Amino acid sequence: MGGYAARRLLLALPTLLGLSLLVFLLGSLAGDPSDELAARSDPEAGVTAEQVAAIRHDLGLDRPLPVRYGRWLGRAVRGDLGTSLFTNRGVGGQIADAFPTTLVLAVAALVLIVLLAVPMGVAGALFHRHWQDQAIRALALTGASAPGFFLAYVLVHVFAVRLRLLPVAGLSGARSVVLPAFTLAVGPAAMVSRLLRASLLEVVGEDYIRTARGKGLAAVPVLVNHAVRNAALPVLTVVGSVFGRMIEGAVVIEVVFSRPGIGQLTYNAVRSYDYPVVVGTVVFGGAMFMLVNLLVDLSYGLVDPRVRLGRAR
């Protein structure tokens, strides 16, 4: 398993390299922040071409793109992701400050996904082709179809504005996590519940399930104790992918609920053309996504002993 993990990590390096190059290129094509930086340096005075040229030279923007990317990459491999153009803070430090907020939100959403999806999936398989199954499928379809930003505003209007049960935004303890975590969890929970239902329906046709039922065991214990674990591999893959995406891309939710996480940091950087922060956060998100998926792959052997990762064929 150690060799498998090492190979996966080595394969992740070209992917991160390509991701950083693509984001660096897009950030360079998106716009030049020199004019805005010159205007901020002295708002009352007019911006001159000499000031803009001096700022471009100081930032290295007057150099060819391959040279600029090479300099950034050389610093990045040493752990230096650059400096924000507008706050003059290190990008790595800003990511370190914002990441715990995003991680708390992602973990809370993951817990909600499991709490919502597993009962729905098991109930859908248990009541296959009954009205309960149809109701659960309709509910899952509704949850998967609802846009995140729309669901966020509905939840804020109902639970924060009308009922005044939960805070609208910000960081004010565990209660402030409920609405954004639920908003982030609804769509993935619907998808995971449908996948779990389909996996369980496939597993219940196996011989060992029929044998257990033939011995007189009730349907619910057989489904929960035997079928769920063997149906967990595809579900585990999706859950890991969803968790990685939450860490990487909870931009809309963090902006709507004013949570100072990685998504909010990326959004502010995009708005201000702060491309060192944009590149740093996107590459960090890609690295976290790959790490989560690697951990999911390594957990296969724990869930199903028949899986042996990295075994020579």
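1. V104 counts as partly exposed because its relative accessibility is 45% (buried is under 20% relative accessible area, exposed over 50%, partly exposed in between, with a 1.4 Å probe and protein chains only). V104 sits in helix 5 (helices are DSSP runs of H or I with at least four residues, numbered from the N terminus). From V104 to A174 the C-alpha to C-alpha distance is 9.8 Å, with the two 70 residues apart in sequence.

2. This is a predicted model, in which local features need pLDDT of at least 70 and side-chain atom pairs pLDDT 80 or more, while totals for chains, interfaces and linings use all residues. Residues are numbered from 1 along each chain as its sequence is written, and side-chain values use heavy atoms, without hydrogens and water.

3. Helix 5 and helix 8 pack with axes 6 Å apart, at an angle of about 35° (axes are lines fitted to C-alpha atoms over the stretch in contact; angles run from 0 to 180 degrees between N-to-C directions). Residues of this contact divide into 24 nonpolar, 3 polar and 1 charged (Ala, Val, Leu, Ile, Met, Phe, Trp, Tyr, Cys and Pro count as nonpolar, Asp, Glu, Lys and Arg as charged, the others, Gly among them, as polar).

4. The count is 1 cavity of 30 Å³ or more (a cavity is a set of points on a 1 Å grid over the protein atoms alone where a 1.4 Å probe fits but cannot get out; lining residues have an atom within 4 Å of a point). The largest cavity has a volume of about 40 Å³, the volume being the space filled by probe spheres set on the points, which are joined across faces, edges and corners.

5. Lining the largest cavity are M120, G121, G124, I136, R137, A140, S193, R194 and R197. Helix 5 (91-126), helix 6 (131-145) and helix 8 (175-203) each supply at least two residues of this lining, which divides into 3 nonpolar, 3 polar and 3 charged.

Key. On a 1 Å grid over the protein atoms alone, a cavity is a set of points where a 1.4 Å probe fits but cannot get out, and a pocket is an open set with protein on both sides within 12 Å along at least five of seven lines; lining residues have an atom within 4 Å of a point.
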